[in-house]
Amino acid sequence: MRFTDPSGRRHTARMVPGGDLPGLVRGPAVARRVTLDGRWELVQVRLPAPYARDGEAQIALEAEASAALEIHSALLGTGHEQLFPMPVGYDMDVAEPFVLYLGPRGEPLSEAAGVQIREQQLIQRDLVLAVSLLEDLGLVHRGIAPSQVRWDHAMVQLWDLGAVARTGRPRTPYGTAPYAPPEQLAGSGVTDPRDALWSAAQVMYRLVARRSGDAQGRPEDLDRYPSLVRELGPLFAPMACDRPSAAQVLARFQPRPGPAGATPVRPDPLEPLRREFDTALARKQTAARARPPRPSAGPRAPGKAHAVECPYCLEPMTYDMSKLFLVNTQLQYEPLEVSSEHNPKRLEDLLRRAVQRCPGAPGAPPHYVPVPYLTNGRPLIIAMVGASHTGKTHLLTQMIGEVAAEALAPFGLRWQSVNSRIHSDFYSTRVAPLRGGAELGHTPQTAFAQFAEALLITDRRGETRPVAFFDLGGEDLLKTDELLRFLLNVDALVFAVDPLLALPLPQLDEVRAKYEVHANPAGDPTFETVLDRLPSDHRPVAALVVGKADLIRFESPVGQWLSETTHPSRTGLDHARMLAESRDVYAFLRLHAQRPWLRPFESIPQCTLHFASATGGRAEDGRYPHGVRARRVIEPLLSVLSMCGVIDPTEPLQQPSDEVSA
């Protein structure tokens with residue numbers, strides 16, 4: 001078997017499976033003993049093959065691996081790491097994804113008998129300390145129960161890290177009474193570190209009283225157990241807000257050597273780099289205020305003749321019904337005569353499918369622009385930027401897939417294709433195959449840049465404007481000739497950072513070898529070419545996206561962002577969250593990559609930073625064996641649309657039940 005250790009190194013070992021360990025983890029994951037190379041006795045928590053394509057089951061196992069690695073990294077060397085399972089390795093891209101741990105210590109409290117008062121004090125101290133340490137990491141263990149707590153007569157070990165969730169995330173019904181608190185069982189509110197204190201108190205009551213406690217609050221006979229009343233009595237409050245914090249409870253215990261003398265978790269190496277981001281952002285904002293405001297073209301009345309620059313060659317065009325064409329079934333352009341069509345519905349349908357020939361710049365090949373592009377508001381042009389195989393095509397495809405699934409509707413936006421033929425081709429050759437599990441092919445080189453997809457976006461005010469997306473191959477983005485002329489008019493740039501090229505992390509070496517690429521400290525050359533091509537007086541907005549983030553999902557803070565389950569279509573555009581993600585991405589790239597990878601952020605006044613995964617995993621033989629699970633792909637587009645004024649983040653979300661005018 002192959003696995004990645006906590007430091008990111010890949011290993012090969014011979015595995016001999018042993019007996020199952022029922023009750024150690026929750027289904028559908030299973031735990032069993034394994035022996036590696038005839039000498040390492042470990043525990044393997046794995047997802048059986050039938051569940052490997054189950055999105056929820058896979059997310060749960062990834063969350064366990066992420067929590068185990070984060071806890072291990074933060075606590076290693078503090079003396080507290082023994083309170084939790086010690087991860088040895090993992091692999092999430094095999095037929096049966098797994099996590100490896102050192103074997104559990106002691107026996108579960110569910111089987112413990114005759115525990116002395118002195119040991120009871122140590123157990124309750126260790127449980128509260130474990131909760132406190134997790135709180136310092138922004139984590140909450142939602143599954144503390146007698147079967148998950150092990151005791152070796154010296155120290156507790158808290159298992160079932162698949163039950164760990166991020167503090168402040170919406171609660172979902174989880175666990176069993178009486179060990180899960182009432183709010184958690186009901187799935188109300190957000191996760192709170194004090195949820196786990198209720199569970200710890202219930203475990204201690206079960207240990208001391210030898211029966212289960214009250215699922216709704218303080219046991220009636222608690223006063224019979226003086227060892228529990230003073231320290232743990234307040235933890236039986238039904239509401240988390242009425243319980244003391246873990247730190248307050250720890251302060252009531254007598255100081256003891258070892259884990260009780262709480263050493264803080266190791267410093268976060270990202271924090272000084274987040275402060276560096278704050279300084280850089282403040283500097284950019286000061287410079288932006290000193291520049292004159294960018295002139296606004298203002299809204300345009302749809303259907304009226306007005307000059308529009310061709311999105312390809314930048315020649316001015318005005319809608320002219322005498323110069324229209326339709327594309328026939330042989331993909332040939334046929335002249336279209338509409339002056340004799342008096343039925344308004346048929347005319348509207350014809351014009352939606354029609355294109356107009358551009359007069360063309362000198363040397364440009366013949367090309368055509370969809371009529372709706374010419375007859376609506378000022379176009380918005382978005383370009384994907386990145387070298388070949390960086391994942392920008394997959395990212396754009398999933399963005400369009402999200403739009404087609406009405407991800408923009410809660411923001412009061414309606415969409416329609418600019419040209420039904422272009423949209424149908426994009427959806428049938430990109431969106432449907434990718435979402436069906438197929439890896440998309442390489443973007444072919446072209447002699448003339450045209451948009452890959454274009455949509456008509458109508459906002460709350462009823463104003464409609466075309467939004468065109470350009471997606472050129474990496475080789476084309478390195479050219480300096482007329483091919484990139486469209487950049488002179490671009491409104492937004494989405495830069496795709498490929499972890500394989502940007503991050504010299506050891507866990508990526510095997511994937512780099514497979515694709516025959518190397519980490520490049522000089523950055524992505526397409527970034528420099530595109531930035532250099534922009535006019536000095538033209539200031540597009542930008543999103544810098546660390547794509548393929550599934551490859552680094554166990555690196556902090558990548559996993560925290562990818563594991564977010566709340567879609568912005570339900571929460572709105574939260575400026576504070578967008579800023580927090582930008583700070584984290586900047587700090588992550590500053591820690592692990594070289595400075596040139598941040599060039600878009602440093603060069604463009606308005607630039608947000610994001611983590612995203614268009615597929616959720618690696619492809620094998622042209623397909624994604626565990627299915628495709630896009631994560632955070634719509635956030636960069638929402639950010640760009642907000643910076644361009646298409647989305648007003650101050651407007652309330654439109655609920656699904658709201659009527660949308662035709």
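Leucine 331 is found in the loop between β15 (324-327) and β16 (333-336), where helices (H or I, at least four residues) and strands (E, at least two) are DSSP runs numbered from the N terminus. This is a predicted model, in which local features need pLDDT of at least 70, side-chain atom pairs count only at pLDDT 80 or more, and totals for chains, interfaces and linings use all residues. Residues are numbered from 1 along each chain as its sequence is written, and side-chain values use heavy atoms, with hydrogens and water left out.

**Backbone features in loops**
- Although leucine 331 is not a glycine, its phi is positive, at about 60°.
- Leucine 331 counts as exposed because its relative accessibility is 58% (buried means under 20% relative accessible area, exposed over 50%, partly exposed in between, with a 1.4 Å probe and protein chains only).
- Lysine 548, in the loop between β24 and α15, also has a positive phi, near 50°.
- With a relative accessible area of 23%, lysine 548 is partly exposed.
- That loop between β24 (541-546) and α15 (558-562) also holds proline 557, and the peptide bond to proline 557 from serine 556 is cis, with omega near 5°.
- Another cis bond, with omega near 5°, runs from glycine 27 to proline 28; proline 28 sits in the loop between β3 (15-20) and β4 (30-36).

**Around threonine 458**
- Threonine 458 belongs to strand β21 (residues 453-458) and counts as buried because its relative accessibility is 10%.
- Its side chain makes a polar contact of 2.6 Å with the side chain of threonine 464 (a pair of N or O atoms within 3.5 Å; within protein, one must be able to donate a hydrogen and the other to accept it, and residues adjacent in sequence count only if both atoms are side-chain atoms).

**Nonpolar cores**
- The largest nonpolar core has 77 residues, and those touching the most other members include Tyr373, Phe470 and Phe495 (a core is a set of buried Ala, Val, Leu, Ile, Met, Phe, Trp, Tyr and Cys residues joined through side-chain atoms within 4.5 Å).
- Helix α17 (residues 575-592) gives this core its largest share, four residues.
- A second, separate core of 70 residues has Val45, Ala65, Val131 and Leu250 among its members.
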